[in-house]
Amino acid sequence: MIWVLFSIAFWAGAWAVNVRLAARPSGAGLILPAIFGITILVVWEGMVRGLGVSPVILPTPIAIGARFAAELPTLWADFNQTFVKGALRGYAIGCGAAVLTAIAIDRSPFLQKGLLPVGNFVAALPIVGIAPILVMWFGFDWHSKAAVVVVMVFFPVLVNTVAGLKAADQMQRDLMATYGATYTHNLFKLRLPAAMPFMFNGLKIATTLALIGAIVAEFFGSPTVGMGFRITAEVGRLGLDMVWAEIAVAALAGSAFYGAVSLIERRVTFWHPSQRK
Amino acid sequence: MSRILPILTVVLAIISIWYGAAVPMNTAWEVDQAARAGVPAPVGMDLVAATLAQDRPVLPAPHQVAAELYKSTFGLKVTSPKSLIYHGWITISATLVGFAIGTSFGILLAVGIVHNRAMDASVMPWAIASQTIPILAIAPMIIVVMNALGVQGLIPKAIISAFLSFFPVLVGMVKGLRSPDAAQFDLMKTYNASAPKVLWALRLPSSVPYLFASLKVGIAASLVGAIVGEMPTGAVAGLGARLLSGSYYGQTVQIWAALMAAAIVAAGLVAIVGAVERATLQRMGYREGAR
């Protein structure tokens, strides 16, 4: 009971601090979300202890942290298998293929008219469902995971890049024409740079999809290593602290991946209004 | 009309590539079978015909998938455990319940965020950060934990759906509720309107186009959530279960048929939301394309 009261009190206290901080005109930057995150962890710990929730249903953050520290080698191996081998390779292949396809179909209005609605349609489909088929074709190792990731990231990046290649406006094209620029000049000096904000939009969406694809593909068969494998195996053994540790790894990897792509975006599209300070 | 011809061309091209791929991919099995039977492998048109009519092909031909789809939707009683209507309905019901929960939660949270600065500053970064987390990875755990708590069937799947549809709605609604311009807010202020009144008369109506844009993303995400949520329960019922049991028993035609059914359901759900959107926006006086 004391734990429950403590966590409620902590919640109220932290909220009061946050309200006070938010009222300041200068803004508090990262402090507010940090306090909120810590509050959630404390309330989680307090509620689980205070209400006597079984660790089989919801382990406490401290237990998860302990497990995380104890199982670092396993977690690293899983991360390597799923993220580095499966997700990253698939992401690189899929995004590369999508950009090349976009440049290829950009020359033909007919293909664009046909491919874009189909691409939009496919992007809304539950593509995850293709995972069992690809696992059958490419085997249990990372190849099938990379293949699922390729299919998942392809269409969002394609649709965004095609939209981006149209972003250069008429004045700019006319200027290039007066310079007597060739198609390649036009592409590399004007249209690809102008397409970058759109392309990075697709690339950022694809980061999350890549990780999801690689993890879900492992539900259909995998070697005895990998984040998706570990999650299903530990759920079966009711080792929920390990599952949460894997989820923490997935969250960290996903955020870091997204952050890295955003960082590159900031470097590449520094001229775009949305990046100006 | 000018769009139909290109789309048809692309669809036809996809189907012919599909047929073209099915023949070489299925040839190995056919040759292997012939070698085991001690007869020469079929060649030419015989080989092509044989590869397109296997029971468990590596890549089933489009007409096999279509036949299986037709058989399992119209050829069976709706209550039969092989009927795709039965499985599809289970998936759709979980999708819709999850979509309803996720949407209402997203809207409520968006209203809170718009009205409370502390909530905005502390919750919003986490909502955005959680977008980068592969939520689907948690699906098996939610199912098993709910099972341990004695909750089974529809609700755990709906919760995963809600999780996935909640974020697009939240982000879209926060944007939508802030979309009226300053002059309109000033006008409300001169009327001495209270915050709930502003919400009801100004913020909510102007957020409707944003809401529908997010709903279309959200319902597709809900369906993915429901399908993935059906996988770890040991493949009892639903389109996800059909996918999983097909992959366990090597029934490729069944997998492809379930996949096509999922695609049709997704397209149907998005189309329904789109139709409601058009009707609503028209009634509200938004013009086509004017946003």
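Me: Happy to look at this predicted model with you. How many salt bridges does the rule find across the interface of chain A and chain B?
Reply: Good place to start. A pair would need a side-chain nitrogen of Lys or Arg within 4 Å of a carboxyl oxygen of Asp or Glu. Across the interface of chain A and chain B, the number found by that rule is 0.

Me: And how many residue pairs are in polar contact between chain A and chain B?
Reply: Here both residues have to be at pLDDT 80 or more to be counted. Between chain A and chain B, the count of such pairs is 0.

Me: How do the residues on the side of chain A that touches chain B divide by class?
Reply: Let's begin with who takes part: chain A brings 49 residues to the contact and chain B brings 53. On the side of chain A, several helices give two or more residues, among them helix H1 (2–23), helix H9 (183–218) and helix H11 (240–268). By class, that side of chain A has 2 charged, 8 polar and 39 nonpolar residues.

Me: What share of the area buried between chain A and chain B is on carbon and sulfur atoms?
Reply: The two chains bury about 4,200 Å² between them. Of that area, the share on carbon and sulfur atoms is 85%.

Me: Turning to chain B, why is it described as more spread out than a compact globule?
Reply: Chain B has 11 helices and 0 strands. For its 291 residues the globule rule gives 19 Å, and chain B lies well over that, so it is more spread out than a compact globule. Its C-alpha atoms fill a box of roughly 90 × 55 × 35 Å along the principal axes. The value behind the description is a radius of gyration of 25 Å.

Me: How far apart are the C-alpha centres of the two domains of chain B?
Reply: The domain assignment gives domain 1 (4–59) and domain 2 (84–284) in chain B. They do touch, with 6 residues of domain 1 in contact with 7 residues of domain 2. Their C-alpha centres are apart by 40 Å.

Me: Which residues of domain 1 of chain B lose the most area to domain 2 of chain B?
Reply: The two domains bury about 480 Å² between them, with 56% from carbon and sulfur atoms. Three residues together make up 70% of what the domain 1 side buries. They are Trp18(B), Arg56(B) and Pro57(B).

Me: How many residue pairs are in polar contact across the interface of domain 1 and domain 2 of chain B?
Reply: The side of domain 1 that touches domain 2 has 4 nonpolar, no polar and 2 charged residues. Salt bridges across this interface number 0. For residue pairs in polar contact, both at pLDDT 80 or more, the count is 1.

Methods. Residues numbered from 1 in each chain as written. Chains lettered and ligands numbered in written order. Heavy atoms only, no water. Domains from an automatic or database assignment. Contact = heavy atoms within 4.5 Å. Buried area = accessible area lost by both parts, 1.4 Å probe. Polar contact = N/O pair within 3.5 Å; in protein donor to acceptor, adjacent residues only side chain to side chain. Nonpolar A, V, L, I, M, F, W, Y, C, P; charged D, E, K, R; others polar. Helix = DSSP H or I, 4+ residues; strand = E, 2+ residues; numbered from the N terminus. Rg over C-alpha atoms; globule rule 2.2 N^0.38 Å.
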